[in-house]
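Subject: Structure for you to look over

Dear colleague,

I am passing on the structure we spoke of. Please look at it first, then read the notes below it.

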Amino acid sequence: MKVKRLAAAAVALGLAAAVAASGTAHAATVHGYQNATAYNEAVKLSHLKTAGTCAGYARSKFPDNEPSSVPSGHKLDGKSLSLRYYVIELDSSGAHVPAGKSESYMTGTLHNEYTGKTITLKHGPDTTAIQADHVVALGDAWKVGACHWSSSKRKSFAIDVAELRAVDTHDNEVKSDDDAAQWLPPANRAWYVETQINIKAKYGLGVTAAERSAMTRVLKTGK
């Protein structure tokens with residue numbers, strides 16, 4: 001999955017380069033959007049249904065969202081990782097678990113997409129205070145479509161590493177179950193909205209009218 005995340009980033013960079021080379025020497029908008037990537041995401045957004053909201057959300061509606069270990073084959077330095085530490089590894093460079101130590105001793109440099117800052121990992125608060133956040137919050141997913149899913153589909157969604165990012169616990173708690181109309185990260189907002197749109201398109205989730213408006217604004221302005 002790390003390879004897939006890098007590949008996706010390469011595609012985004014390729015699109016940006018193509019736009020830059022297409023004519024003008026300065027950054028150009030594409031149909032009123034910041035670049036080709038933003039425009040393409042706006043097209044995907046336009047196909048997402050405007051959804052009403054479902055009541056009755058509870059975290060237990062998404063069972064086993066943090067299993068004791070990820071599927072076999074995903075190991076670091078020969079050690080099986082819990083889902084949280086696997087996501088930390090995916091979002092870090094130079095991740096390493098010292099010989100004879102548990103995953104909580106993971107070292108490396110975590111790249112927090114929500115703040116644009118890096119965290120040097122070491123045993124203690126620097127790893128135990130990091131959470132795997134659902135880019136599309138479970139409560140948000142519930143209200144715009146997941147309330148109609150089977151329990152097995154909700155489980156698959158909750159453990160999909162494409163929808164998980166390692167962030168500081170504070171960021172995760174402040175965001176809670178908010179959608180893009182209610183909360184946006186302090187950095188990388190265009191990336192955040194584009195990622196949410198891709199996840200919602202992948203799972204057939206909808207957006208609220210306010211969320212659609214906020215996402216469109218970010219795709220156009222980056223703010």
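Histidine 31 lies in the loop that links α1 (2-21) and α2. Please keep in mind throughout that the model is predicted. Although histidine 31 is not a glycine, its phi is positive, at about 55 degrees. For background, most residues other than glycine have a negative phi. Is histidine 31 buried or exposed? Its relative accessibility is 63%, so histidine 31 counts as exposed, the cut-off being over 50%.

Aspartate 77 is another residue, not a glycine, with a positive phi, in this case near 50 degrees. Its place is the loop between β1 (75-76) and β2 (79-80). With a relative accessible area of 41%, aspartate 77 is partly exposed.

Next, the helix pair. Helix α2 covers residues 36-47 and helix α8 covers residues 189-203; their axes come within 10 Å and cross at roughly 40 degrees. The crossing of α2 and α8 is left-handed. Which residues make the contact? From α2 they are Thr37, Ala38, Glu41, Lys44 and Leu45, and from α8 they are Glu194, Ile197 and Asn198. By type, the residues in this contact of α2 with α8 are three nonpolar, two polar and three charged.

Then there is a sheet. Three strands make it up, in the order β3-β4-β5; it is open, and the pairing is antiparallel. At the edges are β3 (92-96) and β5 (117-121), each of which pairs on one side only. From one strand to the next, the twist averages 25 degrees. Helix α3, residues 83-90, packs on the sheet and touches β3, β4 and β5. The direction of α3 makes about 125 degrees with that of β3. Within the sheet, β3 pairs with β4 (residues 107-112) over three bridges, in the antiparallel sense. Histidine 96 stands opposite threonine 107, which is in β4.

Last, some totals for the protein chain. How many helices and strands are there in the protein chain? The chain has nine helices and seven strands. It has 223 residues, and 44% of them count as buried. Taking contacts between residues at least 6 apart in sequence, 65% join residues at least 24 apart. The accessible surface of the chain comes to about 10700 Å², and 55% of that belongs to carbon and sulfur atoms.

Regards

How values were computed
Residues are numbered from 1 along each chain as its sequence is written. This is a predicted model: local features need pLDDT of at least 70, side-chain atom pairs count only at pLDDT 80 or more; totals for chains, interfaces and linings use all residues. Side-chain values use heavy atoms; hydrogens and water are left out. Two strands pair if DSSP finds at least two bridges between them. Helices (H or I, at least four residues) and strands (E, at least two) are DSSP runs, numbered from the N terminus. Axes are lines fitted to C-alpha atoms, for helices over the stretch in contact, and angles run from 0 to 180 degrees between N-to-C directions. Contact means heavy atoms within 4.5 Å. A crossing is left-handed if the near helix is turned anticlockwise from the far one by less than a right angle, and right-handed if clockwise. Ala, Val, Leu, Ile, Met, Phe, Trp, Tyr, Cys and Pro count as nonpolar, Asp, Glu, Lys and Arg as charged, and the others, Gly among them, as polar. Buried means under 20% relative accessible area, exposed over 50%, partly exposed in between (1.4 Å probe, protein chains only). Accessible areas come from the Shrake-Rupley method with a 1.4 Å probe; for residues, only the protein chains shown count as cover.
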